[in-house]
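Take a look at the model below.

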Amino acid sequence: MESHNLIKKRNFILLLIFWLLYFVHIVLYHFIAADPHLIVFISGGSLLLVVTAMYYFRFHPTIIMYSFFICYYAYIAYMTSIEPAVINYLFLFLGIIVSFIYYSYIAIVISTLMSIVIVLYFYVSNTLFTSVTFVKLDIVYFILFTLITMIILLYCAHFSKKLIAITTIKMNKTEDELYSAQEYLQSFFTYNRDAIAVFSLDGKVIKVNDAFEQIYGWKAEEIVGKAIPFIPAGSKGGAESRLERVKKGEKLVAFETQDKRKDGKIIDVEITVSPIFNRDKQVVALFGISRDLTEEKETEKFLRQTDKLSLAGEMAAGIAHEIRNPLTSLNGFIQLIHEDSSRYHSYTTIMLSELNRINSIVGEFLLLAKPHDTVMKKQAFSTILNDVILLYE
């Protein structure tokens with residue numbers, strides 16, 4: 001399919017060239033020839049119209065290629081038969097040379113054979129010669145020269161086809177590499193979680209990715225072609241100075257700043273800005289990557305809060321141990337009073353219950369320092385209810 005397209009393109013080029021040569025030939029033949037033959041122009045134009053019609057009606061490119069040579073040699077033979085001249089025979093070599101444009105061995109061989117056949121025909125039919133005479137040696141030289149031309153063109157065609165094949169392989173390899181690199185860059189640009197934007201040197205947005213739309217809130221069609229709108233008013237001076245540094249070829253990596261979303265909210269971001277160079281190492285655009293630090297800032301805040309809670313737990317553990325020491329003494333004496341005197345049983349019972357409650361609260365403080373698994377167990381609801389009623393009384 002690719003070779004057919006190449007032949008089709010060369011057919012089109014040859015059509016243009018032959019139509020141009022045809023009109024040049026008409027002009028020269030009209031002013032130079034003593035007795036111009038109108039039939040020559042009509043026959044040449046008719047043959048060209050036939051090939052043009054075949055090309056217009058989309059005949060197979062190979063058929064059109066061979067039709068070119070058949071029509072061309074028919075025209076040369078007819079023109080030579082009307083007015084034999086050395087100049088006419090020289091055009092036989094032009095057909096061989098033209099065949100080289102296709103890099104086709106068959107086309108070159110056929111053109112050579114047709115040239116030799118035409119010359120031999122006119123040599124044998126010597127009655128047609130009026131203004132030029134060929135001897136046998138001239139015919140031999142012509143055939144030898146034609147064959148040498150054919151061999152040279154065949155070698156050049158072979159070399160050219162081999163060179164084209166090597167070049168095509170390298171081009172295909174380069175195209176594959178470029179395609180892979182383009183796909184990689186496109187995937188990196190499109191599916192990156194960080195906001196990516198390309199800016200012109202005058203600060204206008206050229207392209208943004210999907211993450212940019214999610215982080216900053218602007219759609220691509222809302223921001224492309226416009227000046228950078230996400231720099232807070234108080235940060236414009238610093239941002240402009242940084243952009244000037246990047247325009248000079250400097251690269252700014254991972255510096256923290258604040259940007260403004262479409263809804264006006266200020267967000268913390270980490271930005272990397274790089275210059276984009278052309279082949280002449282001139283900066284033609286700027287490339288920026290923004291990472292939203294909102295979650296990281298919240299995580300840092302949470303970690304700081306966790307550190308505070310851990311410190312509070314350690315303090316609570318120390319305080320709890322200090323409280324438990326006197327509670328143990330109080331609990332022991334009240335237990336003795338409770339056992340020795342029945343007069344104050346109702347009070348000592350409440351006091352022991354409250355001391356146990358204090359001890360439980362202290363235990364909960366200890367959980368801040370060293371959490372324990374919750375242990376669930378069954379209790380009589382009536383006992384709990386009586387304790388609560390007693391407490392309120």
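How do the residues of the lining of the largest cavity divide into nonpolar, polar and charged? They divide into 16 nonpolar, 5 polar and 2 charged. Here Ala, Val, Leu, Ile, Met, Phe, Trp, Tyr, Cys and Pro count as nonpolar, Asp, Glu, Lys and Arg as charged, and the others, Gly among them, as polar.

This is a predicted model, in which local features need pLDDT of at least 70, side-chain atom pairs count only at pLDDT 80 or more, and totals for chains, interfaces and linings use all residues. Residues are numbered from 1 along each chain as its sequence is written, and side-chain values use heavy atoms, with hydrogens and water left out.

## Empty spaces

Rolling a probe the size of a water molecule over the atoms shows where empty space is left. The search uses a 1 Å grid over the protein atoms alone. A cavity is a set of points where a 1.4 Å probe fits but cannot get out. A pocket is an open set with protein on both sides within 12 Å along at least five of seven lines. Lining residues have an atom within 4 Å of a point. Grid points are joined across faces, edges and corners, and a volume is the space filled by probe spheres set on the points.

The structure holds 2 cavities of 30 Å³ or more.

| Space | Volume | Lining by class |
|---|---|---|
| Largest cavity | about 250 Å³ | 16 nonpolar, 5 polar, 2 charged residues |
| Second largest cavity | about 30 Å³ | 5 nonpolar, 1 polar, no charged residues |
| Largest pocket | about 660 Å³ | 21 nonpolar, 3 polar, 1 charged residues |

Start with the largest cavity. Its lining has 23 residues, and F230, I231, L243, I271 and V273 lie nearest the centre. Two or more lining residues come from each of β1 (195–199), α9 (236–247), β3 (252–260), β4 (266–277) and β5 (283–292). The largest share, 5 residues, comes from β3. Helices (H or I, at least four residues) and strands (E, at least two) are DSSP runs, numbered from the N terminus.

The second largest cavity is lined by F18, F68, F69, Y72, G95 and V98. Helix α3 gives the most to this lining, with 3 residues.

Now the largest pocket. Of its 25 lining residues, L21, H25, Y75, M79 and F91 lie nearest the centre. At least two lining residues come from each of α1, α2, α3 and α4. The largest share, 8 residues, comes from α1.

## Two cores

A nonpolar core is a set of buried Ala, Val, Leu, Ile, Met, Phe, Trp, Tyr and Cys residues joined through side-chain atoms within 4.5 Å. Buried means under 20% relative accessible area, exposed over 50%, and partly exposed in between (1.4 Å probe, protein chains only).

The largest nonpolar core has 38 residues. Among them, F18, F68, F69, Y73, L92 and Y102 touch the most other members. The helices α1 (2–32), α2 (38–56), α3 (61–82), α4 (86–99), α5 (105–124) and α6 (136–191) each supply at least two residues of this core. With 11 residues, α3 has the largest share.

A second, separate core has 24 residues, including V208, F230, L243 and L252.

Which residues does F69 touch, not counting residues up to four places away in sequence? They are G95, V98, S99, Y102, A107, S111 and M114. Contact means heavy atoms within 4.5 Å.

## Strands and a turn

Two strands pair if DSSP finds at least two bridges between them. Strands β1 and β5 run antiparallel, joined by 5 bridges. In this part, I196 stands opposite I289 in β5. Strands β4 and β5 also pair in the antiparallel sense, over 9 bridges. F277 has V283 in β5 as its bridge partner.

β4 and β5 form a hairpin with 5 residues between them. K281 sits in the turn, with a positive phi of about 60 degrees. K281 counts as exposed because its relative accessibility is 68%.

## Two more residues

R58 is found in the loop between α2 and α3. Its phi is near 60 degrees, a positive value in a residue other than glycine. R58 has 73% relative accessibility, so it counts as exposed.

Y105 lies in helix α5. Is Y105 exposed or partly exposed? Y105 counts as partly exposed, because its relative accessibility is 32%. Y105 touches L154, A157, H158 and K161, not counting residues up to four places away in sequence. Y105 and A157 are 52 residues apart in sequence and 7.3 Å apart in space, C-alpha to C-alpha.
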